[in-house]
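Biologist: I'd like to walk through this model with you, from the sheets to the ligand. Shall we put it up and take it piece by piece?

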Amino acid sequence: EKGGYDYFMLKEIAEQPKAVADTLLGRIGASGALTLDELRIPDAVLREVDKVVIVACGTAFHAGLIAKYAIEHWTRIPCEVELASEFRYRDPILAPRTLVVAISQSGETMDTLMALRHAREQGSTVLAICNTNGSTIPRESDAVLYTHAGPEVAVASTKAFLTQLVACYLVALYLGQVRGTKWGDEVDAVIRELSEISGAVERVLDTMEPVRELARSLADKNTVLFLGRHVGYPVALEGALKLKELAYMHAEGFAAGELKHGPIALIEADVPVVVVVPSPRGRSVLHDKIVSNIQEIRARGARTIVIAEEGDEAVVPYADHLIRIPATPTLLQPLVATVPLQVFACELATARGNEVDQPRNLAKSVTVE
Ligand code: F6R
């Protein structure tokens, strides 16, 4: 049952350190080599892949958006990500050397299923990333990588999302490994950090009380905006989706670089804006740009809620609320940056008197198109 928590969602948020550890279990060896035995796609086929196409819906689609950054950066294979509901209807270019990755927690989402059927008809190889053993999507795919997150009961996806991300990173790294992609210390370090990411997720969970307090103080707001760059952009989209479905508030995620192309007109006094800040190490250009974005919106009255790495001092003067996350390699940051957004949405929903586990109008698996 709920194991002492008021809601399944709270329980599932709390289970995330174990869930991500379970996704990783037995898949990264002591030397950093990956074993995805159950993948069942011959390495020879993976070596020939010349394009990856990810199809998914909702939260799983956001995992796909993040996977694209990792796949392209680590393997240099072009990667497209598409909403499963749009994919089939635009006559997508699919070939035998296209690897289609279908991401689905339930394994029963009709749009995703129809997209993968279409891909297989075109002769592409389909790999499912799925949480539900024996469900339809893995059964109809060429291969499956299970996320092993355990049953997810709350309608809003939390631990399934984090484990989908881990599975996507594993697929990206494995593709690089079988293709002999030359990567240096950077990727070796990522593999090491990924194998220990569970502890970082745990540390985030231990510091969530101020986030809950902040959420309660915003219960009477109408709008919350979310900004991010690079992998922080899909994290912003995910934060907004969680808030819509649970708190029934108007919430939108934007790429921070798009602000001046329109969304900045929405900024007025006291609008809460959550900003996901990339690490100041690594791609520091991105970091500096987002710090100027925070200054811009704050100058226009926004109430800034800043999610930034421990030790990032540059954001401090511009953050009305500062949420700290552990330092991670840039591409892995979504694994820690998403967690406060889940807690934030859950607490806001509770404060607004909403049914957290069963939001209105939504079903856990969408088996109609
Ligand atoms: C949001 C949410 C949905 C699902 C989407 C896909 O919290 O849960 O957006 O992510 O319906 O579901 P699956 O992953 O089962 O295909």
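Biologist: What is the order of the strands in the open sheet of 5 strands that has β1 in it?

Modeller: Quick caveat: this is a predicted model, where local features need pLDDT of at least 70 and side-chain atom pairs count only at pLDDT 80 or more, while totals for chains, interfaces and linings use all residues. Residues are numbered from 1 along each chain as its sequence is written, and side-chain values use heavy atoms, with hydrogens and water left out. Strands (E, at least two residues) and helices (H or I, at least four) are DSSP runs numbered from the N terminus, and two strands pair if DSSP finds at least two bridges between them. The pairing in this open sheet is parallel, and the order is β2-β1-β3-β4-β5.

Biologist: And which are the edge strands there?

Modeller: Look for strands that pair on one side only. Those are β2 (79-83) and β5 (143-146).

Biologist: Which residue in β2 stands opposite I54?

Modeller: Strand β1 covers residues 51-56 and pairs with β2 in the parallel sense over 5 bridges. Opposite I54 you find V81.

Biologist: Helix α6 packs on the sheet, but what angle does its direction make with that of β3?

Modeller: α6 (residues 110-121) touches β1, β3 (98-104) and β4 (125-130), contact meaning heavy atoms within 4.5 Å. Axes are lines fitted to C-alpha atoms, for helices over the stretch in contact, and angles run from 0 to 180 degrees between N-to-C directions. With β3, α6 makes about 165°.

Biologist: In the open sheet with the order β7-β6-β8-β9-β10, why is one side of β7 and of β10 left without a neighbour?

Modeller: This sheet also lists 5 strands, with parallel pairing. β7 (250-255) and β10 (321-325) stand at the edges, so one side of each has no neighbour in the sheet: each has a single partner strand.

Biologist: Which residue in β7 is the bridge partner of L225?

Modeller: Strand β6 (residues 223-228) runs parallel to β7, joined to it by 6 bridges. The partner of L225 is E252.

Biologist: On to the ligand: how far is a polar side-chain atom of E245 from one of its oxygen atoms?

Modeller: The ligand is surrounded by 13 residues, the closest being S104, Q105, S106, T109 and E245; a residue counts if one of its heavy atoms lies within 4 Å. A polar side-chain atom of S104 is 2.6 Å from a ligand oxygen. For E245, the distance is 2.4 Å.

Biologist: Last one: are α2 and α10 roughly parallel or roughly antiparallel?

Modeller: The axes of α2 (residues 16-24) and α10 (residues 197-205) come within 8 Å and cross at roughly 170°. Angles under 35 degrees count as roughly parallel, over 145 as roughly antiparallel, 65 to 115 as roughly perpendicular and the rest as oblique. The two helices are therefore roughly antiparallel.

How values were computed:
Polar contact = N/O pair within 3.5 Å; in protein donor to acceptor, adjacent residues only side chain to side chain.
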